Amino acid sequence: MQKLNQVLVSTGVESFREIVPIALLSLASSAMLVPVVIFAPVALSFILIPLLYMPLFFGVFHAYHRRTEGKKLSVREMLNGARKGFGPAVAFGLLCSLLVLILWSTWWFYGGRDGAVSWTIAIFQTYFVAMALVSQFYTLQLVIQRRMGIFKAMGESVKLFLRYPAYTIGAFFQALVVGIMLTVTVVGFMALFNGMLAVYLHKAAYNVLHPDEDDEQEGVPETSELYARGRLL
């Protein structure tokens, strides 16, 4: 099983090598965010983002997975993935919206109140939401790599989190930091984040799903026979 720094370095190498298709996929999948963020009311965005953005987000993950199987990394594969994974993507997006709504409402209600009890409740709720999000770190990858149903994948993701808590929290934190850094430049976030996250999550999830395999196994794209032959380019 690879260490997280190895996964991160491998992601950086892969992203640099495939920067053009990754940028195209990221831009194509992020395009739906622009009208939602600019024009939609905040309350409506909690529904529109799962319905319009999450399927494309899932499609990027699907496209990279297909790449590891020898297919070309393309927008067409992303759209096929968005179509096939529409249901799981929307369900996962609604769960994320619900957790964000819980967090926002908690601090809106308790954050402005005086007293230790209110702050304790707010901090506990924040911890609950954070752990709930971390526990779903592998969900979409389980749907893609193991072809699970979304609800079974959610349960299995929790089991993997409990089996590898330090690894999962570290991987989630690394992904979060990269996302925050790219958010500093909005264009950089839209052009890179989804594609890079697809590479990173695929590698991080494959690492825990196949802990006994080394880097030379065919499931690892950089060292697979298909990659060596150039069929993944």
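**Figure 1. Surface and overall build of the predicted model.** Residues are numbered from 1 along each chain as its sequence is written, and side-chain values use heavy atoms, with hydrogens and water left out. The protein has 12 helices and 0 strands, where helices (H or I, at least four residues) and strands (E, at least two) are DSSP runs numbered from the N terminus.

**Figure 2. The largest nonpolar core and the surroundings of Tyr138.** Such a core is a set of buried Ala, Val, Leu, Ile, Met, Phe, Trp, Tyr and Cys residues joined through side-chain atoms within 4.5 Å, buried meaning under 20% relative accessible area, exposed over 50% and partly exposed in between (1.4 Å probe, protein chains only). The largest one has 47 residues, and those with the most contacts inside it are Phe61, Tyr138, Tyr167 and Tyr200. Helix H11 (residues 186-209) supplies the largest share of this core, 12 residues. Contact means heavy atoms within 4.5 Å, and beyond its neighbours within four places in sequence Tyr138 is in contact with Ser157, Leu160, Phe161, Tyr167, Thr168, Ala204, Ala205 and Val208.

**Figure 3. Glu77 in helix H5.** Glu77 is found in helix H5 (residues 75-84) and, at 14% relative accessibility, counts as buried. When residues up to four places away in sequence are not counted, Glu77 touches Gly59, His62, Ala63, Arg66, Lys71 and Lys72. The C-alpha atoms of Glu77 and Gly59 are separated by 7.3 Å, although the two residues are 18 residues apart along the chain.

**Figure 4. Arg147 in the loop between helices H8 and H9****.** Arg147 lies between helix H8 (139-145) and helix H9 (150-163), and it counts as exposed at 65% relative accessibility. Its phi is near 55°, a positive value in a residue other than glycine, whereas most residues other than glycine have a negative phi.

Key
Predicted model: local features only at pLDDT ≥ 70, side-chain atom pairs only at ≥ 80, totals over all residues.
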